[in-house]
Amino acid sequence: MKQTLWIKLTGTVLMTTLATSGATGKSGTTAKTSWGKTPDGEEVDLYTLTNKNGVEVAISTYGGAVVSLKVPDRNGKLADAVLGYDSLDGYVNDKSYFGAIIGRYGNRIGHARFTLDGKTYTLAKNNGENSLHGGIKGFNKAVWTAKETPSPDGQALELTYLSKDGEEGFPGNLHVRVIYTLTDSNELKIGYSATTDKKTVVNLTNHSYFNLAGAGSGDILGHILMIEADKFTPVDSGLIPTGELRDVAGTPFDFRKPTAIGARINADDEQIKLGGGYDHNFVLRRNPGDPISLAARVMEPKTGRVLEVWTDQPGVQFYTGNFLDGSAKGKGGLAYTKRSAFCLETQHFPDSPNQPKFPSVVLSPGERYHTTTIYKFSTEK
Ligand code: GLA
């Protein structure tokens, strides 16, 4: 049964779709509000997806960003577990990629160039000598086309974007589709797909900054983290992988057993120093045959909130908000200081276009890029 209600709300048209399915017992709502205009005059909307447990995610068509994500603690109390801004302006001026879809290439490409079939492509250097997160105007600064889309799994929002041939230096018209689904099992599922008309490189991710005690509630050093990785990719001073896959055993990068994020974050370790904390790609263990595997699990002891990250990707960037300096005013006017959040960005390894031994990120015409990541929330006593 589907009902569409139009409600006139302080000059903004709010559309609420109430959908229930007798067969699955699935229920929830999706609401759309106008969120203002970009400096170029493009209209931006904010979609709020709610599941039957009252878990709520708000997604902006600007950058496809997860703006808020309200999840319960062990007593059922909701808190917003992601960093972000109260209004569109914050996202337009943002330099931290809060919540955004990252592309065409998540993380760094060394010397901002790569070669495909003998042709060298030059990208903008927006991170020292390197290219970071798609360039100067990456997918996080694009306005995406949104459509509510029926899904048996929950409330779903489809976002599409055409990244034109030559955009930020990348070859090929890339048609990108990202589907966010909020399930009744308190999962935010993200499906990324893309096709191209010229050979190119693709590595899409989401850059949510989590604090399971609530955004703006302090640092994340007491969160207990487990990462399903026996190896990580050490980096040079520009945070470009050296090409080595190094064992985590005996290093501060060993999160195979649940360990506090802060336990070794200031260790006297070359890689920790280069990252200013954790800012590294972990090589995920995959269960052969499983379409998707557990990558990481994080537990916040005071609230009992748990986040599990599931993915089909080979890597995850674990980043501890080392560059947050309190200068950007976040939601409710709060300053987000160093290490007040962590990111777990599922991905192919950084600089893969220049690293022949890393899994390939090349997409050719006729192929379809398709990947899935799930952020699953629960609680523990
Ligand atoms: C990624 C990078 C970090 C940093 C953040 C954004 O996680 O690895 O070095 O650039 O994005 O600030």
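Lys 70 and Glu 56 join their side chains in a salt bridge, with 3.5 Å from N to O. Lys 70 belongs to strand S6 and Glu 56 to strand S5, so this pair ties together parts that are 14 residues apart in sequence. Keep in mind as you read that this is a predicted model.

**Salt bridges**
- The structure holds 18 salt bridges.
- As background, side chains of opposite charge can pair when their charged atoms come close.
- Asp 80 and Lys 331 also meet through their side chains in a salt bridge, at 2.7 Å from N to O.

- The protein chain splits into domain 1, covering 2-100, and domain 2, which is made of 104-140 + 165-379.
- On the contact between them, domain 1 supplies 38 residues and domain 2 supplies 39 residues.
- If you compare the C-alpha centres of domain 1 and domain 2, you will find them 23 Å apart.

**What the domain interface buries**
- Between domain 1 and domain 2, about 3100 Å² of area is buried, and carbon and sulfur atoms give 58% of it.
- On the domain 1 side, the residues that lose the most area to domain 2 are Arg 74, Leu 83 and Tyr 97, which together make up 24% of what that side buries.

**Polar links and make-up of the interface**
- One salt bridge is found across the interface of domain 1 and domain 2.
- Polar contacts between domain 1 and domain 2 come to 25 residue pairs, with both residues at pLDDT 80 or more.
- The side of domain 1 that touches domain 2 draws two or more residues from each of these elements: strand S4 (43-51), strand S5 (56-60), strand S6 (66-72) and strand S7 (78-80).
- S6 gives the most to that side of domain 1, with six residues.
- Sorted by type, the residues on the side of domain 1 that touches domain 2 are 19 nonpolar, 11 polar and eight charged.

**Aromatic pairs**
- The count of aromatic pairs comes to 24.
- One of them is Phe 232 with Phe 282, a tilted pair with 6.3 Å centre to centre and 35° between the planes.
- This pair links distant parts of the chain, as Phe 232 sits in strand S20 (residues 229-233) and Phe 282 in strand S23 (residues 279-284), 50 residues apart.

**Backbone details to look up**
- For context, most residues other than glycine have a negative phi, and most peptide bonds are trans.
- The peptide bond running from Gly 103 to Arg 104 is cis, with omega near 0°.
- You can find Arg 104 in the loop between strand S8 (101-102) and strand S9 (108-109).
- Asp 117 has a positive phi, near 50°, although this residue is not glycine.
- The place to look for Asp 117 is the loop between strand S10 (113-116) and strand S11 (119-122).

Definitions and conventions. Residues numbered from 1 in each chain as written. Predicted model: local features only at pLDDT ≥ 70, side-chain atom pairs only at ≥ 80, totals over all residues. Heavy atoms only, no water. Domains from an automatic or database assignment. Contact = heavy atoms within 4.5 Å. Buried area = accessible area lost by both parts, 1.4 Å probe. Salt bridge = Lys/Arg side-chain N within 4 Å of Asp/Glu carboxyl O. Polar contact = N/O pair within 3.5 Å; in protein donor to acceptor, adjacent residues only side chain to side chain. Helix = DSSP H or I, 4+ residues; strand = E, 2+ residues; numbered from the N terminus. Nonpolar A, V, L, I, M, F, W, Y, C, P; charged D, E, K, R; others polar. Phe/Tyr/Trp six-rings, centres within 6.5 Å; stacked < 30°, edge-to-face > 60°.
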